[in-house]
Amino acid sequence: MSGGVAAKTLREEGYAGRIVLIGHEPTPPFGRPPLSKTYLRGEEELSGWLVKPESWYEENHVERVNATATRVDIRSQLVELDRGKSIAYEKLLITTGGENRRLEVLGADLPGVFRLRTVADCDAIKQAARPGARSVVVGMGFIGSEVTASLTQMGLHVSAVLPGAAPLESVLGQEMGEVMAGIHRDAGVELVTGDEVVRFEGAGRVERAVTRNGRELDCDLAVVAIGIRPTVGMLQGKEMAMDNGILVDAMCRTSVAGIFAAGDVANHMHPLFGRIRVEHYNNAEKHGAAAARSMLGSQAAYGYVHTFWSDQYEHKLEYVGHVREWDRFIVRGSVRDRKLIGFYLAQDVLRAAVGLNRGGDPELDLDDEMATAGRLIAKQSRPDERALVDEDRDLRDL
Ligand SMILES: Cc1cc2nc3c(=O)[nH]c(=O)nc-3n(C[C@H](O)[C@H](O)[C@H](O)COP(=O)(O)OP(=O)(O)OC[C@H]3O[C@@H](n4cnc5c(N)ncnc54)[C@H](O)[C@@H]3O)c2cc1C
């Protein structure tokens, strides 16, 4: 996503030189969100999620090389490929994203135990997911929660195993975690909380997941969704500064002159939120574009007030800002009706907001509540708490 958007932006900004896009997935750059939702459920093809149609790359002289980059030779300015070739660069943008964390337990390699990142991963799950089948989902972050919802909608029974008390609790907090838990339980999902899978068993194919607390969860398939780690394997040695991904400044520059990084792999310095690595679509897109402009000499800092969304069943979750620790969570709207906007404040400053079924799109509708919250976050506002909860007060007046 980030790499494709960067190539597109380079051309849009008038760069006429050579662009080579290296990637080991066969498809042109695309957005992954439907892989846990509409595409998984067979409701949508991926054509609408391409950064640009396949023909655009040829028409715009962007060379797509379907290969794996195995090493970056910083001194000689070469990217070495698995096929023995290497490609010289003047400027290099690294957008290698992330790879799924493996669950290091017995039986994790049994057929029927899946992970989800690529189209091929998704197609394999799709093929195994027969209505009426029993499934286990390990991990209830965004991907685990969305897969749980989709499998349930496809007529499977899902047992979801998670270490915490509620889905998404570590990102959204206890109150929102409980709301999300209620949504899954109402849909018939069994949430196995405070527990973890210690092994998978089965004769030639997964038949059950065994948990630390001794639960034996019979299953026809399992999906492990326990997060990603940044893909940095091709950067051997200590020549580039790294810490939870590739360290970049606000202009997407790594510690090595002429090399930039963006998207899931890049741990960036944000003017508002400090150093953060973001694993969401909107960032992948906007960071890729920002990196392209930096490569062309722009000095502008990447200060996007981060946003993301998640669709689970008929529910739409939206989030703006970024916060890890907060001291107040204030709700406007109704928890019972699952229609609310929640505000995260740290030392009275509004840092983030979460919307559930509040409608609107922060990207499109500037008068939308979430977009207004985004502007308040950007200004580091200290809004009055009574005004925040009061549905009769327009957020734009705060
Ligand atoms: C199933 C799923 C659903 C998601 N849903 C949402 C959502 O609803 N909302 C949201 O905000 N975000 C969502 N995301 C997250 C979003 O897709 C990611 O943040 C985004 O894909 C990151 O883009 P990227 O370009 O940084 O990395 P990627 O999309 O991972 O792209 C990196 C590319 O680099 C390639 N690559 C890696 N190493 C090499 C190498 N050495 N040589 C050659 N190629 C290499 C990879 O194969 C890949 O094609 C979802 C992610 C997944 C997996």
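Q: Which residue lies over the face of Tyr 57?
A: In this predicted model, local features need pLDDT of at least 70, side-chain atom pairs count only at pLDDT 80 or more, and totals for chains, interfaces and linings use all residues. Residues are numbered from 1 along each chain as its sequence is written, and side-chain values use heavy atoms, with hydrogens and water left out. A charge sits over a ring if NZ of Lys or CZ of Arg is within 6 Å of the ring centre and within 35 degrees of the ring normal. At 5.6 Å from the ring centre of Tyr 57, the residue is Arg 64.

Q: How far from the centre of the Tyr 39 ring is the charged end of Lys 126?
A: The charged end of Lys 126 sits over the ring of Tyr 39. Its distance from the ring centre is 3.6 Å.

Q: How many aromatic pairs does the structure hold?
A: Rings of Phe, Tyr and Trp (its six-membered ring) pair if their centres lie within 6.5 Å; planes under 30 degrees apart count as stacked, over 60 as edge-to-face and the rest as tilted. One of the pairs is Tyr 281 with Trp 309, edge-to-face at 5.4 Å centre to centre and 80 degrees between the planes. The number of aromatic pairs in the structure is 9.

Q: Are Phe 329 and Tyr 344 buried or exposed?
A: Buried means under 20% relative accessible area, exposed over 50%, and partly exposed in between (1.4 Å probe, protein chains only). Phe 329 and Tyr 344 belong to one aromatic cluster, whose members include Phe 142 and Trp 326. Both Phe 329 and Tyr 344 are buried.
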